[in-house]
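Please look over the model below before reading my points.

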Amino acid sequence: MARRHVLPGYGLSLGYTTAYLGLLVLIPLAMCFLRAAGLSREQFVAAVSSDRAVAAYTLTFGASLLAALVNALFGLVLAWVLGRYDFPGKRLIDSLVDVPLALPTAVAGLTFSSLYVQTGWLGRVLVPLGIHGAYSRLAVVLVLTFTGLPFVVRAVQPVLEASDPAVEEAAACLGATSGQTFRRVILPYLLPAWLTGIALAFARALGEYGSVVFVSGNLPYRTEIAPVLIVERLEEFAYGEATAIAAVLLVFSFASLLTINLLGRWSARRYA
Amino acid sequence: MRESAAITRGDAPLVRRALIGVAVGYLSLFVLVPLANVFAQALAGGVTAYWHVLVRDPDSLHAVILTLTVAPAAVAANLTLGVAAAWAIARFRFPGRAGLISLIDLPFSVSPVVAGLVYVLLFGSQGPFGSWLRAHGIAIIFALPGLILVTVFVTVPFIARELIPVMEATGPEEEIAAVTLGAGAWQTFWRVTLPNIKWGLLYGVILCNARAMGEFGAAYVVSGHIAGKTETLPLRAETLFQEYDVRGAFAVGSMLASMTVLTLVLKALIEWRNRRRRPPA
């Protein structure tokens with residue numbers, strides 16, 4: 001508290017930050033709820049519970065959850081390998097993990113759509129086997145797996161690097177097998193960071209648009225995700241319906257942010 | 001510690017090899033192959049595809065210029081936010097501090113499409129400012145200001161989230177010393193704070209820039225995608241793709257992918273430099 005009197009710029013920096021975030025983030029988002037509140041109850045319910053909207057929500061959630069779970073498993077393996085082993089090419093692998101954060105989603109969509117069609121590098125093998133990784137629900141899961149890939153790795157890796165080897169040594173000395181040590185010692189220790197990573201990947205997938213719009217085919221009831229439906233409604237100038245669907249999506253954004261914050265607090269206590 | 005870790009925590013060689021294999025396989029399937037495919041597809045048409053897109057297609061050329069306008073503007077705006085927010089949050093304790101951090105994180109969880117939509121609701125013709133803006137001849141939606149605004153929105157967390165931990169790790173002692181010795185506020189910032197945070201700042205800026213250049217969903221909604229007017233590079237790639245000009249789409253896509261690769265190389269260089277400067281204790 002004494003710092004406040006010593007260091008300058010408290011009022012200026014806090015005022016600027018609050019004004020900036022209020023004007024550019026809070027007020028625009030409040031607009032969404034204001035407009036949604038302007039709809040009658042029937043209009044709102046009709047917009048968010050139409051068969052098409054429900055199908056879009058279901059696909060958005062299902063595909064996001066599946067992608068997050070795939071990343072939960074493989075992200076943990078990647079974090080383990082990067083956090084615990086030294087091997088040639090490790091730096092490159094480490095850099096590649098960040099590609100989904102820095103590659104424009106449109107480019108991701110573009111390349112995934114061309115990889116899994118019949119003439120693509122992977123589709124050549126997969127399509128004859130009956131696996132359609134483009135213009136299908138699977139395509140949505142694949143591309144969301146790509147966009148969510150860094151989160152579990154980046155959440156778990158630093159915790160693994162910083163963990164105290166003595167704990168695992170103790171478990172081994174007391175006669176635990178490596179499997180037991182992993183299940184009973186390492187996994188409980190990693191749990192907050194792991195869940196944070198999964199929640200971040202899931203939150204990111206829920207709102208994803210750019211990559212999915214290229215690969216899914218955007219068929220109503222089949223491969224249309226909620227953000228694509230919002231854009232559809234906007235292009236029909238059905239602002240009310242678009243806003244209602246967006247408001248529901250926003251509520252889930254807030255819920256996921258809250259979850260991530262609570263997990264973060266748990267992590268902070270665990271790894272302090 | 002790292003060496004002792006290698007000795008005491010060594011998994012069985014077979015487990016180790018299997019796990020590395022799984023990790024590399026997963027990363028190849030989901031990252032390396034898709035990334036390589038962008039360049040392979042773009043180069044499959046030879047250099048002529050680039051020539052066609054960059055020289056013969058004024059709309060794509062305009063998209064390059066527009067992207068190089070929107071992204072730096074958004075980065076500059078969020079640079080000011082990042083520095084102010086990091087100063088307030090890392091140097092002072094005040095009620096609502098945790099809420100402010102959450103507010104900075106919020107755009108990360110909001111779908112870019114929703115971000116675009118709320119700006120359309122706010123500044124579009126039916127919004128509260130719609131008629132006033134029209135009467136004064138100011139175009140925000142379907143124009144450059146709208147593109148910059150939504151890009152700022154989606155990239156709000158990047159620089160601030162990078163700077164806050166860096167400033168918290170540095171601690172206020174040097175700044176307090178400078179102020180106590182009579183340095184002014186700006187002098188303290190330029191001479192003491194900035195040299196301490198410049199690498200974190202640069203790190204945040206390049207990641208923010210990558211995200212800004214690649215922004216699609218929000219830009220899609222507010223741009224009206226008018227070729228040659230409001231199409232940024234990612235939007236241009238989509239238009240070309242919709243027009244079945246796959247070569248052109250990949251030529252544009254590969255430009256963006258090159259930006260990605262450059263971003264990650266710079267990021268790796270900064271990390272490498274930081275490791276050398278501060279060897280792990």
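1. Two residues are in contact when their C-beta atoms, placed from the backbone, lie within 7 Å. Take the contacts in chain A between residues at least 6 apart in sequence: 77% of them join residues at least 24 apart.

2. The model is predicted: local features need pLDDT of at least 70, side-chain atom pairs count only at pLDDT 80 or more, and totals for chains, interfaces and linings use all residues. Residues are numbered from 1 along each chain as its sequence is written, with chains lettered from A and ligands numbered from 1 in the order in which they are written.

3. Chain A has 14 helices and zero strands. Helices are DSSP runs of H or I with at least four residues, strands are E runs of at least two, and both are numbered from the N terminus. The C-alpha atoms of chain A fill a box of roughly 70 × 65 × 30 Å along the principal axes.

4. Of the 272 residues in chain A, 50% are buried (20 or more other C-beta atoms within 10 Å of the residue's own, C-beta atoms being placed from the backbone).

5. Between the chains, 77 residues of chain A are in contact with 81 residues of chain B. Helix α2 (residues 10-38) of chain A gives the most to chain A's side, with 15 residues.

6. Chain B is divided into domain 1 (1-44) and domain 2 (49-277); the bounds come from an automatic or database domain assignment. Their centres, over C-alpha atoms, are separated by 31 Å. Five residues of domain 1 of chain B are in contact with six of domain 2 of chain B.

Notes. A residue is buried if 20 or more other C-beta atoms lie within 10 Å of its own, exposed if 12 or fewer, and partly exposed in between; C-beta atoms are placed from the backbone.
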